[in-house]
Amino acid sequence: RLDGRRAGELRQLRARLGLFARADGSAYLEQGNTKALAVVYGPHEIRGSRSRALPDQALVNCQFSMATFSTSDRKRRPHGDRQASELSLHLRQTFEAAILTHLYPRSQIDIYVQILQADGGNYCASVNAATLAVIDAGIPMRDYVCACSAGFIEDTPLADLNYVEEAAGGPQLALALLPKSDQIALLEMNARLHEDHLERILEAASKACKDVYALLDQVVREHLQEVTARLGK
């Protein structure tokens, strides 16, 4: 691979929690050169029309956006362009599968994610950053949601694709996984793939998600130690 990684190796992952005091939860995550910022507000009362309230669970509202400066071409992206709307919907489906929404009937949880720098795997970085922000907000989840992409290039399944590898074409999938139960929260493919290869590419993505889980868990534990040390003072 161009960046010298092995086929199943992740890009370097760094993250921080609790960046903003005014939000209920926030996180910043770097996955290689892809950088994402996630902010969570809630659970709070439904904003706007009360008829949207669900009697037995919380409404999860997700908004995905890309900063104007996130890619090399400086495009002004209006709120609600097609890609952003699609990724917002994917994020909502992913987190509805993971958050214990039945604990907060008639309320709303807002998750905002912005990509500050795009270098492939935008959806995956968004999910991983949003997971940390939801944990920071203290909202109970069934499990971490960890996401990673995988592609099939020259008969080899590669995990955690960067922009160059994504642009090379070939079938790719994005997987969001609840690692402890091996439940799939979301699986998206962008091209047709022979079913003989599907198992191999899924296995590569699933293993990568579990590697992401180990890293995110470490970040959360370190953050907890920092917070308790500060409280101890």
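**View 1. Strands S4 and S5 pair in the parallel sense over 8 bridges.** Strand S5 covers residues 107-117. Within this pair, Cys-62 stands opposite Ile-111 of S5. Strands pair if DSSP finds at least two bridges between them. Helices (H or I, at least four residues) and strands (E, at least two) are DSSP runs, numbered from the N terminus. The model is predicted: local features need pLDDT of at least 70, side-chain atom pairs count only at pLDDT 80 or more, and totals for chains, interfaces and linings use all residues. Residues are numbered from 1 along each chain as its sequence is written, and side-chain values use heavy atoms, without hydrogens or water.

**View 2. An open, mixed sheet of 5 strands runs in the order S1-S2-S3-S5-S4.** S1 (13-17) and S4 (59-66) are the edge strands; each has a single partner, so one side of each lacks a neighbour in the sheet. Neighbouring strands are turned by 15° against each other on average, direction ignored.

**View 3. Helices H1 and H2 lie across strands of the sheet.** H1 (residues 82-98) lies across S4 and S5, at about 145° to S4. H2 (residues 122-136) lies across S1, S2, S3, S4 and S5, at about 145° to S2. Contact means heavy atoms within 4.5 Å. Axes are lines fitted to C-alpha atoms, for helices over the stretch in contact; angles run from 0 to 180 degrees between N-to-C directions.
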